[in-house]
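Me: I would like to learn how to read the strand pairing in a model like this one. Could we begin with the order of its elements and then turn to the sheet?

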Amino acid sequence: MNSEVSDYCATAVAAVVGVAALLPATASAATYVVGDDAGWDTAVDYVAWAGGKKFEVGDTLVFRYDAQGPQDVVVVDARGYAECTAPDNAPALTSGDDHVVLGQAGQFFFICEAEGECEGGMKLAVTVH
Ligand SMILES: [Cu+2]
């Protein structure tokens, strides 16, 4: 059984490398719609959503939600993520189709400022490599 697992992994890695080698460098940046079809909403487990992904410098996050509602997207620090707080002067994204380019390596944190929603899990932490 162990060898089957190893063979599978080796095949998967080879396939990924092969695809990457065929693409021009400028096409390597990925775009992720946060929450996939559910978008930026209260019903999504964003820890789980981000967990299986490896974000790279140059990738884009797209936050989709109803701009008429109370949702927004605010970039915060680790403490703001943990406590669901944003500085008063923090710029909020409110278009309902917000594109955020991950321009450098490190950790990035996003929260929704609608009442109680961050506390309910509407927040995202990503590690960019
Ligand atoms: Cu919200």
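Reply: Read along the sequence, the chain follows the pattern α-β-α-β-β-α-β-β-β-β, with helices (H or I, at least four residues) and strands (E, at least two) taken as DSSP runs and numbered from the N terminus. This is a predicted model, in which local features need pLDDT of at least 70 and side-chain atom pairs count only at pLDDT 80 or more, while totals for chains, interfaces and linings use all residues. Residues are numbered from 1 along each chain as its sequence is written.

Me: How many helices and strands does the chain have?

Reply: There are 3 helices and 7 strands.

Me: In what order do the 4 strands of the open sheet lie?

Reply: Two strands pair if DSSP finds at least two bridges between them. Here the order is E4-E3-E6-E7, with antiparallel pairing, and the edge strands, E4 (92–93) and E7 (123–128), each pair on one side only.

Me: What stands opposite Phe109 in E7?

Reply: Ala125 in E7 stands opposite Phe109, and E6 and E7 pair in the antiparallel sense over 6 bridges.
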